[in-house]
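Let's walk through this structure together, one part at a time. Have the sequence and the 3D view open as you read.

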Amino acid sequence: MQLTGAQALLESLHREGVEIIFGYPGGVVLPLYDAMFADKRVKHILVRHEQGAAHAADGYARATGKVGVCLATSGPGATNLTTGIANAYMDSIPMIAITGQVATSLLGRDSFQEADVTGITMPIAKHSYLIKKVEDLPRIMKEAFHIARSGRPGPVVVDIPKDIFVNKLEYKYPDQVDIPSYKPRTEGHPKQIALAIKAIQAAKKPIIYAGGGVISADASSELKELAEKCNLPVTTTLMGIGAFPETHELSLGMLGMHGTAYANYAVTECDLLIGIGARFDDRVTGHIAKFAPNAKIIHLDIDPAEIGKNVRVDIPIVGDVKKVLQALLAKIGPKEKHAPWVDQITEWKKKYPLAYKQAETIKPQYVIEQAHELAKERDTIIVTEVGQNQMWAAMFYQFTKPRSWISSGGLGTMGFGLPAANGAQFGRPDALVIDFAGDGSIQMNIQELTTAVNNRLPIKIFVLNNCFLGMVRQWQELIYDRHYSHTNLCNNPDLVKIAEAYGAVGMRVSKPAEVRSAIEKAFAINDRPVLVDFVVAKEENVFPFVPPGQAINEMIID
Amino acid sequence: MKHTISVIVENKPGVLSRVSGLFSRRGFNIESLAVGTTEDPSLSRMTIVVAGDEADLEQITKQLYKLIDTLKVFDLPADKSVQSELVLVKVAANEKSRVEITQIAEIFRAKIVDVAETSMTLELTGEESKVEGAIKLLTKFGVKELVRTGRIALQRGSAE
């Protein structure tokens, strides 16, 4: 059939199963928006800033496992997407970022709203395309989706000049993708799997260190089966939260800079570390030479480039986490509990539990715990901003299911939470979506409250308002002699009034006794967003804390 | 230690910049880079000389493979490959020195590709040590301009 490039793009999105895209119009994408006026099969959500579109697509992808799609015009529209693209890249989130571009005849002439988008996004995207012929559009869209969702997932940028939207083509969508240079390996090598089994059976102090790869490979049940069959304690990274139930007796919670003391001690003492879908990031390892110093390391990952990038690996296994775990489970025999090791971990758990002291003022950890108490029976998605709010949520909320935790891990993007919560709620309309925010980060994409209000999204924004850019203040307190340089945010506007001005519900809570009822009240509202401004203790710190450059067992515990 | 890496990529716009961007982003220094099409015009071969230890080489190889347009990456150790470079060098010359320069050219099997009143241009090919040797001898005449293609290499037939 004869279609314009714009129609062909919408047709291709529809054929890829895309139900929703997040975007913002502008000059060169006018022909596309015009085509959308007639073809409404793919729902378009109008955001209020392109960064919000990218994070919403990202949050949607994390909540559903599908590819998130965002759209922006050329120049500033596209550059506003870049933080969101980098964020998705760092956390391996499948995403398609479609950007308009100036017409092919104007390319390279510093035309109005021209920016070299494929150039700018080269180091922050899994791949990128600039479509120069309309006939290439169907093939490129097919390839882009395939690349975004296969192998190690990631964002793919498709830059489309204005004339390509207008030009006509004889449309045929390819059935198959053929990229000879892109064939991700998914099956683990049997020999490596056999070596891993031998190492697991021989280990006296084994531990699993699981990352976001377990969630993107949909391998939580395999992980649990392996842990239970062989009595392997499990610690997760920030990205791996939800991959293993934290209520399980084998769970050690999160490791690393703000990990539990028992996870960090266990990793330091273990004789076998089984890394699964994780990348030995500096926030996890601390001083790398002192990380798991006595351990043999098994590293299972879909991305061969992750193997040996940061640590030496004894048994590498490249492959899809789910497939490799299934192959491993088929061959591995059960393993007895190693009593001294399990006893040691139990003792650490008893001696160094996650804790905080109650006070007259609301403690932020208390808000998280109360929210968990009230939400745990429901299908809940916890989204966070970045900083102390994120770490407290990671530590004090108990996660039991994959895709119930959405947080900016690798890039640490303040302003991620609110738009990501919107995206998550669109993806899972029946879920209870809570965004734990700080008074700093909430303002970075506050305009996305409009998107939430206009679409009647019942997201709950719980601001842990400590009047500070809290995590930076904490570092200033502990490392920079309490020089609170530019981290006091007490001159912030009234967040309750801001919420109300946007058409959301705003509430303020200042006493611990009111926390629970405020959360209940917020949960009862289901036709618009709610922002609760929790006035919390100002100088509360996130502990445990591994100071930068230290080994992870050298923590400040309280 | 220097490594010669051969990278077979799709012959598409932007691929060179993806490869070179990867090297700078990951902190690896390119000593030389030569690009051209292969026996298959849809593919390009990049020959990259890079300094680093075995771990660096492994990481570079893996990162290169991660680029969607990369088909094949292989290390070409000197003993298992033929390596060559082409250099054009313009040296100052006069009636007196022209004879001596011509002799040097003969010894190094260089071609004299241009002769002018005050200069001569030599085309040198071969391995790095030979090329360097020739340039060293020509320095005393005054090298006016010099251009090098960078190393290119192919695996020896016996090493396949």
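This is a predicted model: local features need pLDDT of at least 70, side-chain atom pairs count only at pLDDT 80 or more; totals for chains, interfaces and linings use all residues.

β4 (residues 68-72) and β5 (residues 95-101) of chain A pair in the parallel sense over 5 bridges; helices (H or I, at least four residues) and strands (E, at least two) are DSSP runs numbered from the N terminus, and two strands pair if DSSP finds at least two bridges between them. Both strands belong to an open sheet of 6 strands in chain A, with parallel pairing and the order β3-β2-β4-β5-β7-β6. At the edges stand β3 (43-46) and β6 (127-130) of chain A, each with a single partner strand, so one side of each has no neighbour in the sheet. Neighbouring strands here are turned by 20° against each other on average, direction ignored (axes are lines fitted to C-alpha atoms, for helices over the stretch in contact, and angles run from 0 to 180 degrees between N-to-C directions).

Ile96(A) turns up again in the largest nonpolar core, which has 193 residues; Ala53(A), Cys70(A), Ile96(A) and Phe462(A) have the most contacts inside it. Such a core is a set of buried Ala, Val, Leu, Ile, Met, Phe, Trp, Tyr and Cys residues joined through C-beta atoms within 7 Å. A residue is buried if 20 or more other C-beta atoms lie within 10 Å of its own, exposed if 12 or fewer, and partly exposed in between, with C-beta atoms placed from the backbone. In soluble globular proteins, nonpolar side chains tend to be buried together. Helix α3 (residues 50-64) of chain A gives the largest share of this core, 7 residues. Setting aside neighbours within four places in sequence, Phe462(A) is in contact with Val367(A), Ala371(A), Ile434(A), Phe436(A), Ala437(A), Val532(A) and Phe534(A); contact means that the C-beta atoms, placed from the backbone, lie within 7 Å.

Now look at chain A by domain. Its assignment gives domain 1 (2-170), domain 2 (190-351) and domain 3 (364-535), with bounds from an automatic or database domain assignment. The centres of domain 2 and domain 3 of chain A, taken over C-alpha atoms, are separated by 30 Å. Where these two domains touch, 13 residues of domain 2 of chain A are in contact with 13 residues of domain 3 of chain A. The domain 2 side has 7 nonpolar, 5 polar and 1 charged residues, where Ala, Val, Leu, Ile, Met, Phe, Trp, Tyr, Cys and Pro count as nonpolar, Asp, Glu, Lys and Arg as charged, and the others, Gly among them, as polar.

Two loops of chain A deserve a look at their backbone. Asp110(A), in the loop between β5 and α5 (117-121) of chain A, has a phi near 50°, a positive value in a residue other than glycine. Asp110(A) is exposed, with 8 other C-beta atoms within 10 Å. Cys467(A) also has a positive phi, of about 65°, although it is not a glycine; Cys467(A) is found in the loop between β18 (460-465) and α19 (470-479) of chain A, and is partly exposed, with 19 other C-beta atoms within 10 Å.

Turn next to chain B. Chain A brings 13 residues into contact with 17 residues of chain B. Chain B has 4 helices and 9 strands, and is divided into domain 1 (2-75) and domain 2 (81-155). Their contact takes 7 residues from each of domain 1 and domain 2 of chain B. Within chain B, Lys90(B) lies in strand β5 (residues 81-92) and is partly exposed, with 19 other C-beta atoms within 10 Å.

Methods:
Residues are numbered from 1 along each chain as its sequence is written. Chains are lettered from A and ligands numbered from 1 in the order in which they are written.
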